[in-house]
Amino acid sequence: MVMEINVSEMKRVQLFEVIGRVDSTNAGELGAALDKTVDEGRSNLVLDLSNVEYMSSAGLREMVRVLKRVKRGGGDLRLANPSDRVKEVLELAGLDTIFEIYPTQVEAVGSF
Amino acid sequence: MGEVSRLVIVARLEEVRHACDFVVEEAEAARLDKRAVYHCQMAVDEALTNIIEHGYDYHGDNSEIEILCETEPTRFLITIVDESPAFDPLAHHSPDPTEPLDSREPGGWGIYFIRKLMDDVRYQRIDNRNYLILSKNRPAAITGVQPDESEETFPVRFLDGGAVVISPIGRLDSNTSPVLERALTSQLQKGHFRLFVDMPDVEYIASSGLKVLVSAWRRAQDGGGNVVLSGLQPRIREIFEMVGFDMLFEIFPDLDTALAQKS
């Protein structure tokens, strides 16, 4: 298993739990999973990153792309519980000011 | 000059992961801390991805990229050598992290991360090859006395009748699986073959953790015993099912049930 995405449909939010490693070989897969939900008309998304052990810029690029897309439709893509390593990378790219980041999944889902 | 380790990959994205594993191993051997190891992994990933996507334009199937790791007293060096057209990543300007969302360009972040995450980055073009040399400093603390890791351990309980319960906590990844391995091995070496691994506090398990459990299971079976698992969180249980290890291990919902069934 390199990356797994568990999708749960909640009342107001679509929750994506990503597990494993997000890099240039599978970032597109993550983007496609998010796009599919947006295509279906849902634009409030939560990405639970607590089990992402590694993320490269390819993953961040997909996240930013989808964030732009959902914002246009009045939605948002919010992040839950990134690891310290992933958080550091988000901060380096200035993405901690662009994404709303919550310490837990419950808080991220509840924020909508 | 330190000893040089070398890995050659085909210039394909699917190969990058092997290079990352290689660099992680070498960086750990150089005793960089977890954060620095992560930085090295990411810098190499970004550099190789750039070479494959842009240098070879995804047509690198017949080309090779060489990755060299070298540990010097004060720094850990990663050199990446490829034969794609000359490209100096350092000559390109970096994106701006303060840029608001609307005006953000998607690209360029790979090189930005390489420069931010490593202590020194150099580029040279020699004999029609690109040489990218990434350097991470080794703190003085780790170049001298090595810390004693043998004290790091998980709770172990001895039950009447010779069974042993080991309760790993947190993440079982390539950094922490050796701790579980030590705990299991030390019991197996003492002839304790009836082992219970109680896992309600395990939040994550990587292949390294699975490997440790399977090799202990095998040794316990050889000794006429067993490694029995209990208390797996749903996410962990799912991983076991995905790799088919639920067929291999006896797994119980909690430790009490496991003990009641197996004692």
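This is a predicted model: local features need pLDDT of at least 70, side-chain atom pairs count only at pLDDT 80 or more; totals for chains, interfaces and linings use all residues.

Me: Which residues point which way from strand 9 of chain B?
Reply: R194(B), F196(B) and D198(B) point one way. L195(B) and V197(B) point the other way.

Me: What does strand 9 of chain B pair with over 5 bridges?
Reply: Strand 11 of chain B, residues 226-230, in the parallel sense. There F196(B) stands opposite V228(B). Strand 7 of chain B, residues 164-166, also runs parallel to strand 9, joined by 3 bridges. I166(B) stands opposite V197(B) in that case.

Me: New topic. What is the strand order in the open sheet of 5 strands?
Reply: The order is 1-2-3-5-4 in chain B, with antiparallel pairing. Strand 1 (4-11) and strand 4 (120-126) of chain B have a single partner strand each, so one side of each has no neighbour in the sheet. The twist averages 15° from one strand to the next.

Me: How many bridges between strand 3 and strand 5 of chain B?
Reply: 8 bridges, antiparallel, linking residues 75-82 with residues 129-137. V81(B) stands opposite Y131(B) there.

Me: And which helices pack on that sheet?
Reply: Helix 1 of chain B (13-29) does, touching strand 1, strand 2 and strand 3. Its direction makes about 170° with that of strand 1 of chain B. Helix 2 of chain B (34-55) touches strand 1, strand 2, strand 3 and strand 5. The direction of helix 2 makes about 10° with that of strand 3 of chain B.

Definitions and conventions
Residues are numbered from 1 along each chain as its sequence is written. Chains are lettered from A and ligands numbered from 1 in the order in which they are written. A residue is buried if 20 or more other C-beta atoms lie within 10 Å of its own, exposed if 12 or fewer, and partly exposed in between; C-beta atoms are placed from the backbone. Helices (H or I, at least four residues) and strands (E, at least two) are DSSP runs, numbered from the N terminus. Two strands pair if DSSP finds at least two bridges between them. Axes are lines fitted to C-alpha atoms, for helices over the stretch in contact, and angles run from 0 to 180 degrees between N-to-C directions. Two residues are in contact if their C-beta atoms, placed from the backbone, lie within 7 Å.
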